[in-house]
Amino acid sequence: MQLLSPTQLGSLSIPNRVLFAPLTRVRADASNVPGDLMAEYYRQRASAGLLIAEATMVAGDGQAWQHQPGIHSAAHVAGWKRVTDAVHASGGRIYLQIWHPGRATHPALNAGIQPVSSSTKPLRGDTIHTPEGKLDYPAPRPLRLDEIPGIVELFRVAAANAKLAGFDGVQVHGAHGYLLDQFLRDGVNDRADAYGGSIANRARLLFEVVDAAASVFGIGRVGLRFSPLVGFNDMVDSDPAGLVAHVAAESEKRALGFLELRHANYDQAAEYELARIARQHFTGALVRNGGFTRDAGETAIADGLADAIAYGVPFLANPDLPRRFLLNAPLNQPDTNTFYLPGATAGYTDYPFLGV
Ligand SMILES: Cc1cc2nc3c(=O)[nH]c(=O)nc-3n(C[C@H](O)[C@H](O)[C@H](O)COP(=O)(O)O)c2cc1C
């Protein structure tokens, strides 16, 4: 099986192409510090070609869920070190997904601080869980030009902290309608300055962050996730194909470690077309995600339209997913009720492994 053959993700050698997709599970403590429960969860999944650890706060005022992890304090670094040590002791590799929510949060989660974004457009069509209950998203405050270097610096420090915590690299979260995506897609970004208008301008912050992460790890250990057709968090773009062409070409120029295209679902024709465009402009490691089965992943690699596949929910429920793929064994079914349950081992570290 090609899925189980080794390859390179930039400067990282991986023994198989079955990656663990970033999954927020809200199992950190009330100060956003990872502990032994998280170390055990990631250790169980160390047979992945690469683990990409969940969206992790780069700033104290950038919390969107209670009990999500951070990487902006010494306590966070020490907590994550337990995770990376456990993964490495089991022979695995792990990157951290560095993330800022932008408008997709609420002052009630961040000491009353108003969320920031590219524009004043609020997230509509959804509510957010806060200590005060479910609330509407507020209107964000557009970042001033003179504040943008500070945002880039938050990500650089987060990457430096990730390195201190023993991560093998980082993935920049440019997907799902969070801050970097709020600059990237024109459904939100209506700026008239150097960070708005053309696709190149809208992608400027994203690549400043990529370059900042590369200044810490080297570009070969930096991945980038984006999701041009995913509507989650009230997102849309007028030219997804143009966006992919530009992001892929900028990634090529830099020799990015890997580019991950997150599909709404891989088997839609419009998503297939985006994969083709990404492949055309980027010759490095192309990772794809979104609804893939074992056989669909195998086909994408055989067709030359992916170098590796990130599996989210299937890996959540099957800690030994690469072995199950090898044996074509049946999969455990996920329990969606336990996806986000702070402190709980149920549906977290208790999914069974295959017998010997
Ligand atoms: C419980 C849960 C948490 C998620 N958290 C994140 C996250 O922190 N960062 C991210 O980029 N995507 C996140 N995602 C999206 C997944 O990484 C993935 O893109 C999605 O599940 C589709 O892949 P799949 O069909 O293989 O599950 C999450 C998805 C789920 C179900």
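**A strand and its surroundings**

Modeller: Helices (H or I, at least four residues) and strands (E, at least two) are DSSP runs numbered from the N terminus. This is a predicted model, where local features need pLDDT of at least 70 and side-chain atom pairs count only at pLDDT 80 or more, while totals for chains, interfaces and linings use all residues. Residues are numbered from 1 along each chain as its sequence is written.

Biologist: Which residue in β5 is the bridge partner of T56?

Modeller: Six bridges join β4 (residues 51-57) to β5, and the two run parallel; strands pair if DSSP finds at least two bridges between them. In that pairing, the partner of T56 is I98.

Biologist: And which residue in β10 does I98 stand opposite?

Modeller: β5 also pairs with β10 (residues 169-173), in the parallel sense and over four bridges. There, I98 stands opposite V172.

Biologist: Moving to α3, how far does the helix reach from its first C-alpha to its last?

Modeller: α3 covers residues 148-164, which is 17 residues.

Biologist: Why is F155 called buried?

Modeller: F155 sits in α3 and is listed among the buried residues of that helix, including L154 and A158. F155 touches V58, I98, V209, A212 and A213, leaving out residues up to four places away in sequence (contact is C-beta atoms, placed from the backbone, within 7 Å). F155 counts as buried because the number of other C-beta atoms within 10 Å is 28.

Biologist: Which elements give two or more residues to the shell around the ligand?

Modeller: The ligand is surrounded by 21 residues, the closest being A21, T24, A55, G312 and V313 (near is a C-beta atom, placed from the backbone, within 6 Å). The elements giving two or more are β4 and α10 (313-317).

Methods: The expected span of a helix is 1.5 Å times one less than its number of residues. A residue is buried if 20 or more other C-beta atoms lie within 10 Å of its own, exposed if 12 or fewer, and partly exposed in between; C-beta atoms are placed from the backbone. Two residues are in contact if their C-beta atoms, placed from the backbone, lie within 7 Å.
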